[in-house]
Amino acid sequence: MGIGRLSDGLAPTPPMGWNSWNRFGVKIDEDLVLETAEAMVGSGMRDVGYRYVVIDDGWMAPERDRHGDFVADPAKFPGGIQLLADRVHALGLRFGIYTDAGTKTCQELPASLGYEFRDARRFAEWGVDYVKVDWCHTQGMGPRALYAKWAMALHATGRPIVFSICEWGRSHPWEWARTVGHLWRTSWDIQPDWSSVLTILDRQASLHRFAGPDHWNDPDMLEVGNGTLTAEQSRAHFALWSMLAAPLMAGNDLRAMSDEIRAILTAPEIVAIDQDSRGTQGRRIRSDGEVDVWLRDLGSDGRCALAVLNRGSAGREVRLGLEEIGMDPGTDVRVRDLWERTDVGKMRREIVVATSANSATVLGIAAR
Ligand code: GAL
């Protein structure tokens with residue numbers, strides 16, 4: 001095993017789930033995780049594909065046990081991780097956990113350097129299905145070698161475990177990580193505001209050729225429903241992450257979200273873009289500073305999705321020639337609004353889209 005292993009079929013489409021970090025930081029505990037897992041079922045998220053419930057930094061006790069094994073913080077997780085994983089599994093979901101490749105996590109808690117095989121084994125014994133490995137406190141270490149060691153450690157457990165690499169894109173993991181992990185971060189941490197979403201989005205524009213089944217670019221977890229993002233901005237964030245074939249890891253409080261936010265996270269025709277089995281990441285085909293157009297090829301029958309992102313503060317009409325999306329201008333195309341889930345009608349030669357400020361219109365295009 002090691003270099004050259006994946007495609008193992010563990011992430012044929014981008015992983016979907018929830019991660020505790022964006023909304024809760026280190027303030028996590030057993031009740032939060034179980035209530036979140038229940039909310040994932042009750043909200044309909046499980047039914048549209050969300051599977052992984054992942055606890056991020058802050059779950060571990062400040063010391064390992066006398067054998068050197070990880071221990072969960074007893075005040076936060078009195079029942080232990082195995083029981084928690086069992087209860088998450090009982091809901092038809094999968095369980096994920098976090099560690100760090102260096103000497104300490106970013107929150108100064110015990111991390112895994114020198115303990116890779118021991119920790120992977122322990123995670124497997126606990127029933128963990130997904131491991132995120134962070135990159136704090138790794139001075140002087142090479143990510144390729146250390147993440148490859150992690151891949152071997154996870155493989156050696158014999159348990160199928162999705163491997164999420166989190167070194168923030170510094171060493172261009174898209175160039176080497178596809179044979180190591182299933183997803184790799186491409187950027188620094190996302191923040192719950194519009195400018196962070198746009199900054200990260202811009203960094204993805206040249207990365208589409210590196211993604212595919214079992215190896216995904218990860219522009220970071222979702223901030224839908226968090227911070228200062230308006231509902232319209234959350235909608236645009238979610239749509240663009242779906243165009244990018246990004247892992248869809250919700251980062252909000254699922255127990256207390258509004259119907260509007262729930263509707264964004266479960267929008268069936270937007271999620272279907274993200275989860276398209278072909279796994280071709282979308283690319284930006286036009287950008288004039290105010291309006292971006294992103295195109296993603298879908299399926300095998302020439303369908304595609306278009307996201308027209310208006311970054312500005314005023315509405316704009318956008319006209320797009322069919323040749324710009326690789327179609328013969330003479331064909332009639334069928335256009336569907338994938339947020340509204342309604343057919344817009346047929347168009348020939350060009351697609352005309354009325355956009356409003358700070359929003360993304362998402363269209364499905366099919367040749368007749
Ligand atoms: C960062 C990572 C975040 C979160 C945080 C926890 O390095 O990018 O996603 O895991 O550490 O301390």
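Start by selecting Glu223, which in this predicted model sits in the loop that runs between strand E7 (216-218) and helix H8 (231-243). Show the residues around Glu223 next: beyond its neighbours within four places in sequence, Glu223 is in contact with Asn22, Ile190, Gln191, Pro192, Leu229, Ser234 and His237. Is Glu223 buried or exposed? Glu223 is buried, and yet it has no salt bridge, since the nearest side chain of opposite charge, that of Arg23, is 8.3 Å away.

Now move to strand E1, residues 16-19, and display its side chains. Met16 and Trp18 point one way from this strand, while Gly17 and Asn19 point the other way, and all of these are buried. In a regular strand the side chains alternate between the two faces of the sheet.

Strand E8, residues 248-250, pairs with E1 in the parallel sense over 3 bridges, and within E8 the bridge partner of Trp18 is Ala250. Strand E2, residues 52-54, also pairs with E1 in the parallel sense, over 3 bridges, and here Asn19 stands opposite Val54.

Finally, select the ligand and the 13 residues that surround it, of which the closest are Asp56, Asp57, Lys132, Asp134 and Asp189.

Notes:
Residues numbered from 1 in each chain as written. Predicted model: local features only at pLDDT ≥ 70, side-chain atom pairs only at ≥ 80, totals over all residues. Heavy atoms only, no water. Helix = DSSP H or I, 4+ residues; strand = E, 2+ residues; numbered from the N terminus. Buried < 20%, exposed > 50% of the residue type's maximum accessible area, 1.4 Å probe, protein only. Lys, Arg positive; Asp, Glu negative; His and termini not counted. Salt bridge = Lys/Arg side-chain N within 4 Å of Asp/Glu carboxyl O. Contact = heavy atoms within 4.5 Å. Pairing = 2+ DSSP bridges. Near = heavy atom within 4 Å.
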